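Subject: Structure handover

Hello,

Here is the structure I promised to pass on. My notes on it follow below.

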Amino acid sequence: MEFPIVTDADVTTLVDAAVAEVLGIADGWLGWDGRPVAFDGNAWTPHKALRRVTDHLIDHLAEIECRLAGLSPLPDAWHGRTVTTHADFARFTESDLDEATSRLTRLAACYRARLGGLGPDALDGRPAPDTWTLREVVHHVAGVTYYARAMSGA
């Protein structure tokens, strides 16, 4: 199992920064021409990229909440990165960007609120040798910018 690289960055700010970067990139998708971008073996559209960002943030927030509650996180059995739905091909408008901004900034606020009161024991405890620490989970989640960059073909 590969463990995410961590830095000494404040974990409460990592998701905010990632969301800000995603939304900055998404601003350039207004007026998208309707042609998917082929990148890393998948077809990418604005809606797919934002769906993946949202799903990734939700999945790992659920993992964090379950672990802090002493429950086993539910595994993600659907790998939406490899799926492009008909809805993903819809036009990308100002309203879509506004909706994504509202949704993603609220999710980032949830991470900030949840992580803010956690100390090093909670953030750096490894429940099993092959399990990421919560700090590692958050650093991984901050890589959610991949999906926006994929839409840009970078």
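The charged end of Lys48 sits over the ring of Trp44, at 4.7 Å from the ring centre. For this, NZ of Lys or CZ of Arg must be within 6 Å of the ring centre and within 35 degrees of the ring normal.

Before the rest, the ground rules. This is a predicted model, where local features need pLDDT of at least 70, side-chain atom pairs count only at pLDDT 80 or more, and totals for chains, interfaces and linings use all residues. Residues are numbered from 1 along each chain as its sequence is written, and side-chain values use heavy atoms, with hydrogens and water left out.

Aromatic pairs

Trp44 also belongs to an aromatic cluster, together with Phe39, Tyr146 and Tyr147. How many aromatic pairs does the structure hold? There are five. Rings of Phe, Tyr and Trp (its six-membered ring) pair if their centres lie within 6.5 Å; planes under 30 degrees apart count as stacked, over 60 as edge-to-face and the rest as tilted.

One of the pairs is Trp29 with Phe92. Their ring centres are 5.9 Å apart and their planes are at 70 degrees, so this pair is edge-to-face. It links distant parts of the chain. Trp29 is in the loop between α1 and β1 (37–39), Phe92 is in the loop between α2 and α3, and 63 residues separate them. Helices (H or I, at least four residues) and strands (E, at least two) are DSSP runs, numbered from the N terminus. Trp29 is buried at 6% relative accessible area, and Phe92 is buried at 5%. Buried means under 20% relative accessible area, exposed over 50%, partly exposed in between (1.4 Å probe, protein chains only).

Phe39 and Tyr146 make a tilted pair, because their planes are at 50 degrees, with centres 6.1 Å apart. This pair links distant parts of the chain too: Phe39 is in strand β1 and Tyr146 in helix α6 (residues 145–151), 107 residues apart. Tyr146 is partly exposed, with 25% relative accessible area.

The largest nonpolar core has 39 residues. Such a core is a set of buried Ala, Val, Leu, Ile, Met, Phe, Trp, Tyr and Cys residues joined through side-chain atoms within 4.5 Å. Which residues have the most contacts inside this core? They are Val15, Trp29, Leu50, Leu57, Leu104 and Tyr111. The elements giving two or more residues to the core are α1, α2, α3, α5 and α6. Helix α1 gives the most, with eight residues.

Helix α3 (residues 94–116) has 23 residues. From first C-alpha to last, α3 reaches 32 Å, close to the 33 Å expected at 1.5 Å a residue. The expected span is 1.5 Å times one less than the number of residues. Its buried residues are Asp96, Leu97, Ala100, Leu104, Leu107, Ala108, Tyr111 and Leu115. They pack against α1 (11–26), α2 (46–68), α4 (120–124) and α5 (134–141). Leu104 touches Val19, Val22, Leu23, Leu50, Val53, Thr54 and Leu57, not counting residues up to four places away in sequence. Contact here means heavy atoms within 4.5 Å.

Single residues to look at

Arg51 lies in helix α2. Buried or exposed? Arg51 is buried, with 17% relative accessible area. Its side chain makes a polar contact with the side chain of Asp88, at 2.7 Å. A polar contact is a pair of N or O atoms within 3.5 Å; within protein, one must be able to donate a hydrogen and the other to accept it, and residues adjacent in sequence count only if both atoms are side-chain atoms. Neighbours within four places aside, Arg51 is in contact with Trp78, Gly80, Val83, Thr84, Thr85 and Asp88.

Val144 is in the loop between α5 and α6. Val144 is buried, at 1% relative accessible area. Beyond four places in sequence, Val144 is in contact with Ala18, Val22, Val53 and His56.

Asp40 lies in the loop between β1 and β2 (42–44). Phi of Asp40 is near 55 degrees, a positive value in a residue other than glycine. Asp40 is partly exposed, at 48%.

Gly153 is in the segment after α6 and touches Val37 and Phe39, not counting residues up to four places away in sequence.

Best wishes
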